[in-house]
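Please keep the sequence and the model in view while reading.

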Amino acid sequence: MTLIERIRALQHRAQQQAARQASLDEVRKLRPLLEQAQALSGRLGIEVQQLGLLRNQGIVLPNPPETAGAALRTLGRVRERFAQERRAERLTQRQDWTRFQEQTQAVCGQAAQGLNNTWRDFVTSAYSGDKPENLERTLAPTEGNRAFLSRYRETYQRLIGLARNRPVGREDFEKVRELARALNAIHQEFDLNVPDAVSRFLRAVAAGGATIDLLTDEVRAWLKGQGKLEAYRIVAGTSTP
């Protein structure tokens, strides 16, 4: 090998080494951008999965986030430049990469809020019956009503509690429907035909004691019919000096 050939070989190896080093430098520059893109993709993927769950249940979906269009336009510019020259600086040129991240995060936040609201609306609208506190104010406090009201309140709280956590599968939607059916069934068990006089008497007893004038013939007849007449005793009150 002549001296000239040796020099050319050295130049070639130097060029190859420089090219490899340039490639390594480019990889190092691209790696954090790739990690940022993967993080955005993962977060957006969570919302897309949630969207699919709601759609499969036939639930009306929220409108797309207002910022989605701007994010897509920014992404289009970034992809076009990178397709022309696959270098990290083409991605970050004109601050479009930073802008794209901010816009995508805004899209994820708006999508999450809309989907959360849709899920909560589904849960709260699954049962349109009375709230436990409203029933407690209107129901006659018979033993049966008190027992059913306790079950009703527990079931109602379980249903409303489901709105705090996002669904992860079809079984979560079925659980909402199951609890709504249970509430309807319990509501059918309430005795809503208790006479007003009996209701006033029972409420007074529950509050600490009924005066004897509340123990009317109608109340006595009702208590006797329920087999509860012997459950009550007349006790003289303590007079106030």
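**Charged pairs and a helix contact**

In this predicted model, E178 and K175 are joined by a salt bridge, with 3.9 Å between their closest N and O atoms. A salt bridge is counted here when a side-chain nitrogen of Lys or Arg is within 4 Å of a carboxyl oxygen of Asp or Glu. Both E178 and K175 belong to helix α7, where three residues, about one turn of the helix, separate them. E178 has a relative accessibility of 41% and counts as partly exposed; K175, at 28%, is likewise partly exposed.

Salt bridges with shared partners also link R77, R81, D96 and R99 into one network. In total, the structure contains nine salt bridges. Side chains of opposite charge can pair when their charged atoms come close.

Helix α7 holds a further pair of this kind. E174 and R177 form a salt bridge in which the closest N and O atoms are 3.2 Å apart. These two residues of α7 are three residues apart, about one turn of the helix. E174 is partly exposed, its relative accessibility being 32%, and R177 is partly exposed as well, with a relative accessible area of 26%.

Another salt bridge connects the side chains of E85 and R87, at 3.5 Å from N to O. What is the relative accessible area of E85? The value is 34%, and E85 is therefore partly exposed. R87, with 32% relative accessibility, also counts as partly exposed.

Helix α4 spans residues 96-125 and helix α7 spans residues 170-189; their axes come within 9 Å and cross at roughly 30°. Angles under 35 degrees count as roughly parallel, and α4 and α7 are therefore roughly parallel to each other. On the side of α4, the contact is made by W119, F122 and V123, while α7 contributes D172, F173, V176 and R177.

Technical notes: Residues are numbered from 1 along each chain as its sequence is written. This is a predicted model: local features need pLDDT of at least 70, side-chain atom pairs count only at pLDDT 80 or more; totals for chains, interfaces and linings use all residues. Side-chain values use heavy atoms; hydrogens and water are left out. Axes are lines fitted to C-alpha atoms, for helices over the stretch in contact, and angles run from 0 to 180 degrees between N-to-C directions. Helices (H or I, at least four residues) and strands (E, at least two) are DSSP runs, numbered from the N terminus. Angles under 35 degrees count as roughly parallel, over 145 as roughly antiparallel, 65 to 115 as roughly perpendicular and the rest as oblique. Contact means heavy atoms within 4.5 Å. Buried means under 20% relative accessible area, exposed over 50%, partly exposed in between (1.4 Å probe, protein chains only).
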